Structures are given as C-alpha cells and as structure tokens.
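Ready for a few exercises on pockets and surface? Try each task on your own before you read its solution.

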Amino acid sequence: MTRIATAWLVYRLTGSALLLGAVSFAGQIPTFLFAPFAGVVVDRLNRRHVLVWTQALSMVQSLLLAGLTFSGRITIHWISP
C-alpha cells in the first residue's frame, strides 16, 4: 500500500510520468539487491518476529509519509532518490 501511495503522491506533486517511473524503479532496487541474502537470513530467524518487525517498520515509514503529506511539508526531494 505504501508503494502505491508513494507513486500516487509523486505523480500528484510533479505530474511527471518520467519521474513517477524513476521513483517506482528506484523503489524496487533494494528488493532486487537484498532479496537473495535476506531469504537466507530470514530462514534462520523466527518468522513471527520477522513479520512483526517488518510490518512495524513499514507502518513507521507510512506514518512519516502521511505526516509530511498532511502537514504540507512534503516535496519531491523527500521521496526521489
């Protein structure tokens, strides 16, 4: 949901399809780079703890994005790579 909201916000702020594509592409890079290594690490950890931590960190990221957006302080520089 955060990725969709970020894409919508980028397009709403800039109106640029090119920048929307660049930000969406850049958001996928960490997944591409770290997924193989993260899979090995996660297999050795408690799945419930990993799920709780990843969801909590995702919630913090979403809340910060929402807070900046609703306060009117968000700019494309906060989002773009």
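**Exercise 1: the largest pocket**

The largest pocket has a lining of 22 residues, and those nearest its centre are Thr2, Arg3, Thr6, Gly27 and Gln61. A pocket here is an open set of points on a 1 Å grid over the protein atoms alone, where a 1.4 Å probe fits, with protein on both sides within 12 Å along at least five of seven lines; lining residues have an atom within 4 Å of a point. One thing to know first: this is a predicted model, in which local features need pLDDT of at least 70 and side-chain atom pairs count only at pLDDT 80 or more, while totals for chains, interfaces and linings use all residues. Residues are numbered from 1 along each chain as its sequence is written, and side-chain values use heavy atoms, with hydrogens and water left out.

Task: find which element gives the most to the lining of the largest pocket.

Solution. 
- Step 1: list the elements that give two or more residues to this lining: helix H1 (2-14), helix H2 (17-43), helix H3 (47-71) and helix H4 (76-79). Helices are DSSP runs (H or I, at least four residues), numbered from the N terminus.
- Step 2: pick the top giver, which is H2 with seven residues.
- Step 3: sort the lining by type, and you get 12 nonpolar, nine polar and one charged. Ala, Val, Leu, Ile, Met, Phe, Trp, Tyr, Cys and Pro count as nonpolar, Asp, Glu, Lys and Arg as charged, and the others, Gly among them, as polar.

**Exercise 2: out on the surface**

Task: decide whether phenylalanine 34 is buried or exposed.

Solution. 
- Step 1: locate phenylalanine 34 in helix H2.
- Step 2: recall the cut-offs: buried means under 20% relative accessible area, exposed over 50%, partly exposed in between (1.4 Å probe, protein chains only).
- Step 3: phenylalanine 34 has a relative accessible area of 53%, so it's exposed.
- Step 4: finish with alanine 17 in helix H2, which counts as exposed because its relative accessibility is 55%.
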